Amino acid sequence: LIATFNPDEGELRDHLLDRIAVALSADAQPLDIKGRVEAVDSVMNFSPSGPQKTAEAEAALRQAIENEDDLKTAIVFAREYIKDLTIAPSQIQYLCEEAIRAGCQGHRAEIFAVEVARASAALEGRQINGDDLKLAVKLAI
């Protein structure tokens, strides 16, 4: 499930917040005029089928397809690697402490955080480290 939320419409109720596994912020700096022109130009030069309208658009599409293929491969390997990946009790304790510090209700935040940390490490093909825990806190807690 992917959802959007406008903070101007008021805060979400606690029972809904408790069920959101990963939250990402879409805050972005507004583009200046040059950036806006580049954004519109890149969309206008993209063709959903057939050849692209410019050589730059063709190269960008090739690069995006290559990146997507690399990500697909990484996910296939991560799905196998994660099966044997465990998280240390001290790492779970850290995530629980962060959830308490953040005022999380229930246990979903730390459960989701453990899963985020495991997935992050599996994508890198290694054991869980501090970077995975920080990412888990950022995304799930």
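User: What makes the contact between Glu-115 and Arg-118 a salt bridge?

Analyst: The closest N and O atoms of Glu-115 and Arg-118 are 3.2 Å apart. A salt bridge is a side-chain nitrogen of Lys or Arg within 4 Å of a carboxyl oxygen of Asp or Glu, so this pair qualifies. Please keep in mind that this is a predicted model, where local features need pLDDT of at least 70, side-chain atom pairs count only at pLDDT 80 or more, and totals for chains, interfaces and linings use all residues. Residues are numbered from 1 along each chain as its sequence is written, and side-chain values use heavy atoms, leaving out hydrogens and water.

User: How do you know whether Arg-118 is buried or exposed?

Analyst: Buried means under 20% relative accessible area, exposed over 50%, and partly exposed in between (1.4 Å probe, protein chains only). Arg-118 has 16%, so Arg-118 is buried.

User: Which salt bridge do Arg-101 and Glu-98 make, and what are they called by accessibility?

Analyst: Their side chains meet at 2.7 Å, N to O. Arg-101, at 66%, counts as exposed, whereas Glu-98, at 14%, is buried.
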